[in-house]
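Hello,

Here is the structure we talked about handing over. My notes on it follow below.

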Amino acid sequence: MTDRYVYDLSEGSAEMKPLLGGKGAGVAEMKRLGVPVPDGFTVTTEACVDTMTRKGEWPEGLESQVWEGLKRLEERTGRALGDSTKPLLVSVRSGAVISMPGMMDTILNLGISDDTVEAIAKEADNERFAWDCYRRFIQMYGEVVEGIDAHVYEDALTALKEQKGVESDTDLSADDLKGLVDTFKRLSNEQLGGNWTTDPREQLMRAVDAVFRSWLNPRAFVYRKANKIPDDLGTAVNVMQMVFGNRGDTSATGVCFTRNPATGAKELYGEFLVNAQGEDVVAGIRTPRSLAEMEEVLPEAYHDLINTMKKMESHYRDMQDMEFTVENGKLYLLQTRNGKRTAAAALKVARDLVDEGVITKEEALMRIEPAQLDQLLHEAIDPDHTEEPVAEGLPASPGAAVGEAVFDADVAAERGAKGEKVVLIRFETTPDDIHGVIVSQGVLTAHGGMTSHAAVVARGMGKPCVAGARGIKIDAKAATLTIGDIVIHEGDMITLDGSTGEVFASGLKLIPPQINEDFQEVLSWADEVRRLGVEANADNATDAAKARELGAEGIGLCRTEHMFFGADRLPAMHEMITAETPEERQAAVDKILPMQQDDFEGIFTAMKGLPVTVRLLDPPLHEFLPNLVEQSLKVQKMEDQGADAGELDKERRLLAQVKKLHEQNPMLGTRGCRLGMLYPEIPDMQARAIIRAVLSVLKKEGETVQIHIMIPLVFTPVELETHRRIVQQAIDEEFEAAGTKVDVKIGTMIELPRAALIADKIAEVADFFSFGTNDLTQTTLGISRDDAENGFLTEYLRTKVLKNNPFASIDQEGVGQLVAGAVEKGRKTNPELSLGVCGEHGGDPDSIHFFNKTGLDYVSCSPFRVPIARFAAAQAVI
Ligand code: PEP
Ligand code: MG
């Protein structure tokens, strides 16, 4: 039996989305609910997948099923493809399971030909309309299906307009267009070496095939990668009877949302164009009118639309994004889907729907994409600035962007990849610009509305975007943006405010993001349901305060070595590392102690009694010592120049130490607890600094501190025992001297495979474990965490040797096994053991799901990831 590849619209429903794609299932569901939609059929995603696996060859039965589907459509509509009296025209549209706006191909007006064009003109009583459809069809079909360069058609159209002395396409007469169709046909045939087909049935087959192929086009790959959509889903193809928004002044086409997708407000939101066809609105070619104006122009269709919007939103219990066409005053819906929205809108809509009693808090939480919340954590322009905007456009995607002006997506991609901050400026973006958009700070376009491609894509990515900025002139070739007499060249600084639509001709100062009431409210729901604790990685009082503000329940990792990167402190650190005798080392350590104490006091004060996990020094020495080659050159130069003997001696001593301490592989060298094993003065000093800070905060603020001292990079219980002894002795002495004491927990990081494997033994001497999944990933996969992304890992990700970057999202299969095993072993010998994670993975939603499942007690991540982690932790238990 051959597989079923084609379904009539009336056979589908929303549940069939995986098979029929979002568009096919959405239209079928609308039909089921009695909403007017054009008739048609859907070729399944499986047909596309099977065609891809057969390297482009259609599977058995597909072609005949398409013919049968067409036949049934012809019977239902009383029309036939290619028929010269009652011709059927269809659209052929892509429709992936997860929507990918504008990334794949569409062909409209298929069925128009020399044989049918007259009948269409007659039926519409509009010759110009028929010929306009015809020339649009050749253009679209030629470009999309046959791969003919768009310029071939654009140049001919421009030449004709010049010859006729008109500015706009709409000024061309029916006869002009008739001539243009002849030109287009001739050019197309030339381009294809005489192989241009005029048979609509063959065109239909080729169009379906082209939509399949468009799943594999480069921009679709880029989009899927950016949005983590699997490459093997395939697209469905929807063949639907054409309805015409371009039949005259009682026809229109548009896009609407049931709520404002930028803010979430329950208000009218949408755009339409009178006498225009489908893609004109989405593609941003003409700047559309606001939906509110439609009430006057097309009142009946407007009211039908408003009712349908309400109906669809309550049916799907979520904000809808809909496409519609009005043909001769009658409304048709072409698509409905859950609307893409900014994070701010997602929160507001979720909150409102819960308030309206439409969904539960748990459902609301599940609808929010934790990673999307990043947008809210976006920067804004410092409100104290005094600059006047030089231009204004539509506030298409919130947040502020500052960077150097770039006018070409390739240039943006190249410079952005190098970490340079660029703002992409285009007349309008097309899906081909996606690789440039991804790496830009923000996007500015001169044309197109809130639903234009640039706007939709930028919003989805959380990139600031100002669209359709009026009065700006972009010369992409010359790489200039002209606004009145201001000229911005490539490389000049520019600032965009995607929340207001303002554009500034300089680089303005940005301020950190704000978290509003909706955010707080929805976060509080997350806190009610999550099991995992959420702490933060913070090394100073400012970060600690931020972390607390963002809801961190403690500090899960305070990296003490980070306190010594400052120029004023590095010398003391050098002295300590390079000391040759215990006396010298003690002297350096004595200098460092008060600095450490001071830092700890700041952090403990900011955390106001919440737990703080301080990790003892873990410096890969290369991060603190001069480079061997550079230090050698420096000494050489000083010798050549006959430098001061004392200075020279100092540098020579340093060079000797650098040589002595030089390691080929410092990440696997004298770091972590190994340093304390060699130089016990260091953990001793750190423990004293911690306790003195605890005592001082207790005295000054009356605030107790839940202190956890963490020993890094342990692979044998002996290391932990040794450190425990040193640290405990210092703690006891300090408390005794002060005549008071607080409880101090001492634990370790599990960040080496051996530690994970013998976790039962280590747990016997630990109060807690914190999984250092950065090092654990590095040492389990044998991939250098410092070099990975510069080298083969990028290639591994591109070629799918690895699905995800293991440093961003935990390798559940490998590293995850070590974590799960260590949790089980550790709890067996020490049921009281507290368990957390403090590697970068602690802020990654997928990893958080895994840690929740594994039974960890908490995750710790950078302060700005804390809200995201709170959400993800809630979703993990729903
Ligand atoms: C880790 O290795 O995961 C960790 C948190 O420690 P660091 O990143 O400081 O090595
Ligand atoms: Mg580590």
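Are Phe 600 and Phe 604 buried or exposed? Both Phe 600 and Phe 604 are buried, where buried means under 20% relative accessible area, exposed over 50%, and partly exposed in between (1.4 Å probe, protein chains only).

Before the rest, some ground rules. This is a predicted model, in which local features need pLDDT of at least 70 and side-chain atom pairs count only at pLDDT 80 or more, while totals for chains, interfaces and linings use all residues. Residues are numbered from 1 along each chain as its sequence is written, chains are lettered from A and ligands numbered from 1 in the order in which they are written, and side-chain values use heavy atoms, with hydrogens and water left out.

Helix H21

Phe 600 and Phe 604 both lie in helix H21, four residues apart, about one turn of the helix. Helices (H or I, at least four residues) and strands (E, at least two) are DSSP runs, numbered from the N terminus. An α-helix has 3.6 residues a turn, so residues three or four places apart point the same way. The 26 residues of H21 (582–607) should span 38 Å at 1.5 Å a residue, and the end C-alpha atoms are 35 Å apart, which agrees; the expected span is 1.5 Å times one less than the number of residues. H21 bends by about 25 degrees at Ile 592, with Pro 594 following within four residues. The bend is the angle between axes fitted to the seven residues ending at a residue and the seven starting there. After H21 comes Lys 608, whose phi is positive, near 45 degrees.

Aromatic pairs

The structure holds eleven aromatic pairs. Rings of Phe, Tyr and Trp (its six-membered ring) pair if their centres lie within 6.5 Å; planes under 30 degrees apart count as stacked, over 60 as edge-to-face and the rest as tilted. Phe 600 and Phe 604 are stacked, 5.9 Å centre to centre with 10 degrees between the planes. Phe 792 and Tyr 796 are edge-to-face, at 5.0 Å and 80 degrees. Phe 792 is partly exposed at 41% relative accessible area, and Tyr 796 is partly exposed at 34%.

Magnesium site

Glu 751 (OE) and Asp 775 (OD) coordinate the magnesium ion (ligand 2) at 2.0 to 2.1 Å. Donors are N, O and S atoms within 2.8 Å of the metal (3.2 Å for Na, K and Ca); water is not among the atoms, so sites may look incomplete. Both Glu 751 and Asp 775 are buried.

Regards
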